[in-house]
Amino acid sequence: MAPPSPPTPAARLLREYGWDLMLGSIAAFYAVMVPYTKVEESFNVQAMHDILYHNHHINKYDHLEFPGVVPRTFIGALVIAIISSPAVLIMRAVHVPKVYSLLAVRLVLGCAILMTLRLFRVEVKRKFGHHVEAFFAILTAIQFHVLFYSTRPLPNIFALALVNLAYSFWFKGNYLRTLQALIVAATVFRCDMILLLGTIGITLLLSRSFSLLEAIKCCISTAVVCIGFTVLVDSIMWQRIMWPEFEVLWFNSVLNRSSEWGTHSIHWYFTSALPRSMLVAYPLCLVGALLDRRIVPYVIPVTLFVVLYSKLPHKELRFIIAAVPMLNVSASLAASRLYNNRKKTGWNFLYVLMLGAFLVSLGYSAVSFMASYSNYPGGNALKALHEVVSNKLRIPLLPDNSTKEKMVHIDAFTAMGGVSRFCENEYPWRYSKEEGISIEEYQTRNFTYLLNEHRYISGYKCLFAVEGFSRAKIQPRFPPLSLVKAPKVFVHGNTGDPDILSLDWPGCP
């Protein structure tokens, strides 16, 4: 019998990077289809824009005019902007709209997150086998939130990259490196990662993975370097001496001001956030911990992290997204056991049940994507305004100074719904996000267009409205679930502008 022929280079590449290609394709699809960002991402989005377009002219940066509730570090935005800069320079040279630069920086961030997830997945394969690795990738793919968030420049996502790195070091047995990765995450990007650092660190101390003295030396030296670096960079960018994550810690934990943005019950993470983010993996991770005790020392500290975080009244799913990859490993162990025993009596029914749950999870993720697709009315409204005005008034790609200036005011509601500086066009367009303007005051201001949450504004004509996601509705037919949209952002034109009055507009419902 002839020996089997060696695999082709394409087959070897697919075997080595196939799961990365699948996860990367899904993340890229989410980024391309939903390119705009929400208010939670605004600091890093504006920071990356300003680094790329204003460079060293810090006085032009957005954060000096709109600093936000608490300061954030520029380090993550700086790294992503530097890596993205060659692509952005090419796009600027050929006058590609700035929104494609937003897509570029988001894809670079997604690559960074998925690279660290790959490092973790490789260690999962080494420790538990290729079946567990396969189910880990599949579960991640059918879950909506991890891949959707992976390209979104949230502080939690920058921290997630370091947490994935810490998990890979942990599985590899490099315990001090595990602590160092978590310390960087906690001191630079998200101070709440100190809870995960504490639970994992105590677990490693109790298992005698290192001595207390070694841990103290490692933690102090790493923290001093990280704090020094973030203070140096951010003091320059914010133009005052500061350590951003210390101010965040003080605001959220000591002053407990974060609760002003809403609160949830103490069990919300376990009864709402984790079930929605993990889907079928949520019950499977409990089964995995029962079936394979090797994962228990890893799952317990991560679960305790969520328990401790539950004490903070203000809760959001993204706050505990760092727990999902490790809990997915436990779920993958259960799925692998069901797969390996699928031909045995009793197990075959459970295996079919699991496959059905996979399909339900995939359906839920599809619905979540469709809801998110319609959840950025501000960005869609500004894009529509640019397209309609440029087409109807035939504004050239490179207008000269004789072209009449178009001043657009964007209210807070619209800005929170997807508008960032990446969405802005060059001359003749100008933009204002001035806050505190009353409805009556608009008619005394010289704005050409308004993007506003109000349907009627004196002195302005409502040109068109952009719908956004409102709610999901159950219906007694196929499909059983439908998404209800409603007008969210209204685009108004100044009635004193002859160009606006001379054109036909759809009007507002």
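## Basis of the description

Two strands are taken to pair if DSSP finds at least two bridges between them, and helices (H or I, at least four residues) and strands (E, at least two) are DSSP runs numbered from the N terminus. The model is predicted, and local features need pLDDT of at least 70, side-chain atom pairs count only at pLDDT 80 or more, and totals for chains, interfaces and linings use all residues. Residues are numbered from 1 along each chain as its sequence is written, and side-chain values use heavy atoms, with hydrogens and water left out.

## The five-stranded sheet

An open sheet is built from five strands in the order β2-β1-β3-β5-β4, and its pairing is mixed. Strands β2 (429-432) and β4 (460-474) each have a single partner strand and stand at the edges, so one side of each is left without a neighbour in the sheet. From one strand to the next the twist averages 20°, where axes are lines fitted to C-alpha atoms (for helices over the stretch in contact) and angles run from 0 to 180 degrees between N-to-C directions.

Strands of a sheet pair through backbone hydrogen bonds, either parallel or antiparallel. Strand β1 (residues 406-410) runs parallel to β3 and is joined to β3 by three bridges, with His409 standing opposite Leu450 in β3. On the antiparallel side, β3 pairs with strand β5 (residues 481-494) over four bridges, and Leu451 has Val491 of β5 as its bridge partner.

The pairing of β4 with β5 is likewise antiparallel and extends over 13 bridges, and a hairpin of six residues joins β4 to β5. Along this pairing, Ala465 stands opposite Phe490 in β5, while Glu467 has Pro487 of β5 as its bridge partner.

## Burial of strand β3

In a regular strand the side chains alternate between the two faces of the sheet. Strand β3 (residues 449-452) is covered on both faces, with Tyr449 and Leu451 buried on one side and Leu450 and Asn452 buried on the other. Here buried means under 20% relative accessible area, exposed means over 50%, and partly exposed lies in between, with a 1.4 Å probe and protein chains only.

## Disulfide and other cysteines

A disulfide is a covalent bond between the sulfur atoms of two cysteines. With the criterion of a pair of cysteine sulfur atoms within 2.5 Å, the count comes to one disulfide, formed by Cys462 and Cys508 with their sulfur atoms 1.7 Å apart. The torsion about the S-S bond of Cys462 and Cys508 is about -75°, so the disulfide is left-handed. The pair links distant parts of the chain, since Cys462 lies in strand β4 and Cys508 in the segment after α20 (498-501), 46 residues apart.

The two partners fall into separate accessibility classes: Cys462 counts as buried at 15% relative accessibility, whereas Cys508 counts as partly exposed at 25%. Cys226 is buried at 9% relative accessibility, and its sulfur is 10 Å from the closest cysteine sulfur, in Cys218, which is too far for a bond. Cys111, at 48% relative accessibility, counts as partly exposed.

## Packing of helices α6 and α17

The axes of helix α6 (residues 130-142) and helix α17 (residues 347-373) come within 9 Å and cross at roughly 35°. With contact taken as heavy atoms within 4.5 Å, α6 contributes Phe135, Ile138, Leu139 and Ile142, and α17 contributes Met354, Phe358, Ser361, Leu362 and Ser365. Seven of the residues of this contact are nonpolar, two are polar and none is charged; in this division Ala, Val, Leu, Ile, Met, Phe, Trp, Tyr, Cys and Pro count as nonpolar, Asp, Glu, Lys and Arg as charged, and the others, Gly among them, as polar.

## Backbone features in loops

A cis peptide bond joins Tyr427 and Pro428, with omega about 15°, and Pro428 lies in the loop between α19 (412-416) and β2.

Positive phi values occur at two residues treated here. His95, although not a glycine, has a positive phi of about 60°; His95 lies in the loop between α4 (75-93) and α5 (99-128) and is partly exposed, with a relative accessible area of 42%. Arg208, also not a glycine, has a positive phi of about 60°; Arg208 lies in the loop between α10 (193-206) and α11 (212-238) and is exposed, with a relative accessible area of 75%.
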